Amino acid sequence: MRLHFHGAAGEVTGSMHLVEAAGKPGSSKKILLDCGMRQGSREMEAGNADPFPFDVASVDAVVLSHAHIDHIGRVPLLVKRGYRGPIFTQQASADLLPIMLMDAASIAEGDAERFNRKRRAGERELVPLYTRDDVKSVLEQVQPLAYETRTTILEGVELNLLDAGHILGSAIVELWADGKKLVFSGDLGPNGTPILRDPTPVSEADLVLMESTYGDRNHKDRAETIVELGGILDAAWRDGGNVLIPAFAVGRTQELMYWFARHWDDWQLSRWKIFLDSPMAGKVVEVYDRHHDLFDAEAQEIWRGTPNPFRLPNLHTTASTEESMAINRIEHGAIIIAGSGMASGGRILHHLIQNLGRRAAHVVFVGYQGNGTLGRRLVDGARWVRIHQRDIRVNAQVHTVGGLSAHADQNGLMEWFGNFQPKPALVLVHGEDKAREALAGEIGERDGVDVTLARPGMTLDV
């Protein structure tokens with residue numbers, strides 16, 4: 001078994017690893033683990049259109065760990081460029097794929113249309129990375145799998161998916177071939193995450209690929225975080241402004257709504273107008289409704305209770321552009337949840353343009369902010385930011401609420417790896433170097449294993 005690392009190897013986005021197995025070099029099967037989009041600076045995102053660093057037609061199978069764009073966002077491009085094989089993913093992820101990818105395609109088409117309408121003489125026409133028609137082709141190749149169902153996906157290659165506790169349908173990937181077992185963590189969630197079950201412990205492997213997003217830190221206690229969030233909402237009400245929450249459409253948005261339902265009375269949420277400004281929101285709720293069996297016991301109880309997190313009395317789910325624009329006329333008393341979670345695109349940008357200059361406004365970041373993103377600049381204290389070719393002064397109060405992360409922290413990652421007996425070789429992916437180096441040091445000292453930090457283009461034999 002041989003691994004080639006092509007993405008999320010020294011950074012958090014763009015997950016993509018190629019496995020060669022079940023045969024001699026040159027005739028072995030090729031399995032692609034994730035095919036994600038790089039997110040961050042304009043230069044990083046421009047690289048998504050680059051040629052793949054392998055022969056697309058030679059790939060025999062694709063396995064997707066979960067439905068976040070940094071893990072699935074280049075799949076339509078892979079298919080557009082010639083991939084014709086199966087795409088394996090967990091059943092709930094398979095239901096989320098068309099929602100996420102159609103939204104990404106729609107954004108790409110819209111950006112291209114706006115650019116081409118305004119481009120100057122001599123500027124090259126902008127072509128979208130892929131279109132909604134390309135996404136339709138992808139969906140014909142998807143083969144959903146249940147958790148804990150070991151399946152032969154290619155001759156000599158077996159696959160099993162385990163609950164990773166990160167978002168609905170997120171999976172730890174177990175892959176067997178050539179008498180070896182590879183475990184790819186995907187993105188691991190923290191223990192005790194609302195709605196989701198805890199990540200499944202795994203005890204045996206020859207090689208583990210493990211994410212390391214928060215490998216250098218531990219999250220604030222979740223209970224303290226919820227108190228902090230309630231305090232921010234109360235302060236924003238006293239200040240007379242709006243609250244803007246950039247949030248990913250799948251995962252973080254559902255957790256926020258869960259806490260709103262839990263704290264409906266003590267946070268006095270009935271006094272607010274709550275906007276879920278996302279054309280995807282209703283579709284995602286339908287997926288959650290179809291997969292109650294994947295919830296933890298407490299979430300199943302709350303989903304059946306009153307108020308239901310997605311049927312709050314003052315919740316407004318906006319689908320059309322006109323509805324979204326109408327929110328901008330509200331200067332106080334609105335909680336606005338919109339994508340993207342890193343403020344790198346989407347409807348949240350329009351709300352930031354309207355609200356960042358207001359001292360009474362509060363902007364709450366509840367997830368990881370990648371290098372080069374608008375979210376990272378705001379979190380780092382930028383006083384001016386540029387959005388849609390406009391320079392915007394930042395007068396609003398900016399908060400980072402770290403305890404709601406959907407990623408395991410250093411303690412959680414070490415605890416999950418600690419289940420392996422004996423300790424296998426470990427490769428850290430999906431993390432910036434500062435985080436990976438800290439985690440590698442801690443695990444190396446505790447377990448006495450050499451930890452490899454993956455780099456783009458690196459090859460490793462199992």
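Buried residues have under 20% relative accessible area, exposed residues over 50%, and partly exposed residues fall in between, computed with a 1.4 Å probe on protein chains only. The legends below describe a predicted model, in which local features need pLDDT of at least 70, side-chain atom pairs count only at pLDDT 80 or more, and totals for chains, interfaces and linings use all residues. Residues are numbered from 1 along each chain as its sequence is written, and side-chain values use heavy atoms, with hydrogens and water left out.

**View 1. His350 in helix H11.** At 39% relative accessibility, His350 counts as partly exposed. His350 belongs to helix H11, residues 348–355; helices (H or I, at least four residues) and strands (E, at least two) are DSSP runs, numbered from the N terminus. With neighbours within four places in sequence set aside, His350 is in contact with Asn328 and His388, where contact means heavy atoms within 4.5 Å. Val394 is 44 residues from His350 in sequence, and their C-alpha atoms are 14 Å apart in space.

**View 2. Tyr258 in helix H7.** Tyr258 is located in helix H7 and is buried, its relative accessible area being 2%. When residues up to four places away in sequence are not counted, Tyr258 touches Pro194, Ile195, Glu298, Ala299, Ile302 and Pro309. From Tyr258 to Met342 the separation is 84 residues in sequence and 21 Å in space, C-alpha to C-alpha.

**View 3. Packing of helix H4 on helix H5.** Helix H4 (residues 91–118) packs with helix H5 (residues 132–139) at an angle of about 160°, and their axes are 8 Å apart. H4 is therefore roughly antiparallel to H5. Axes are lines fitted to C-alpha atoms, for helices over the stretch in contact, and angles run from 0 to 180 degrees between N-to-C directions. Angles under 35 degrees count as roughly parallel, over 145 as roughly antiparallel, 65 to 115 as roughly perpendicular and the rest as oblique. H4 contributes Pro98, Leu101, Met102, Ala105, Ser106 and Glu109 to the contact, and H5 contributes Arg132, Val135, Lys136, Val138 and Leu139. These residues of the H4 and H5 contact comprise seven nonpolar, one polar and three charged. Here Ala, Val, Leu, Ile, Met, Phe, Trp, Tyr, Cys and Pro count as nonpolar, Asp, Glu, Lys and Arg as charged, and the others, Gly among them, as polar.

**View 4. Helix H8 and its buried face.** In helix H8 (residues 281–290), the buried residues are Ala281, Val284, Val285, Val287 and Tyr288. Seen down the axis of H8, these buried residues fall within an arc of 155°, so they line one face of the helix; the arc is that of the directions from the helix axis to the C-beta atoms. The elements against which the buried residues of H8 pack are H4, helix H7 (252–262), strand S13 (273–277), helix H9 (297–304) and strand S14 (315–318).

**View 5. Packing of helix H4 on helix H8.** H4 and H8 pack with their axes 10 Å apart and at an angle of about 170°. H4 is therefore roughly antiparallel to H8. On H4, Ala92, Asp95, Leu96 and Ile99 meet Lys283, Val284, Val287 and Arg290 of H8. The contact of H4 with H8 consists of five nonpolar, no polar and three charged residues.

**View 6. Packing of helix H6 on helix H7.** The axes of helix H6 (residues 222–239) and H7 are 12 Å apart, and the two helices pack at an angle of about 75°. H6 and H7 are therefore roughly perpendicular to each other. Arg222, Ile226, Leu229 and Leu233 of H6 make the contact with Glu255, Leu256, Trp259 and Phe260 of H7. The residues of the contact of H6 with H7 are six nonpolar, no polar and two charged.

**View 7. Backbone features in loops.** Most residues other than glycine have a negative phi, and most peptide bonds are trans. Glu148, in the loop between strand S6 (142–145) and strand S7 (151–154), has a positive phi near 55°; at 63% relative accessibility, Glu148 is exposed. Asp178, in the loop between strand S9 (171–177) and strand S10 (180–184), likewise has a positive phi near 55°, and at 39% relative accessibility Asp178 is partly exposed. The peptide bond from Gly339 to Ser340 is cis, with omega near 5°, and Ser340 lies in the loop between strand S15 (334–338) and H11.
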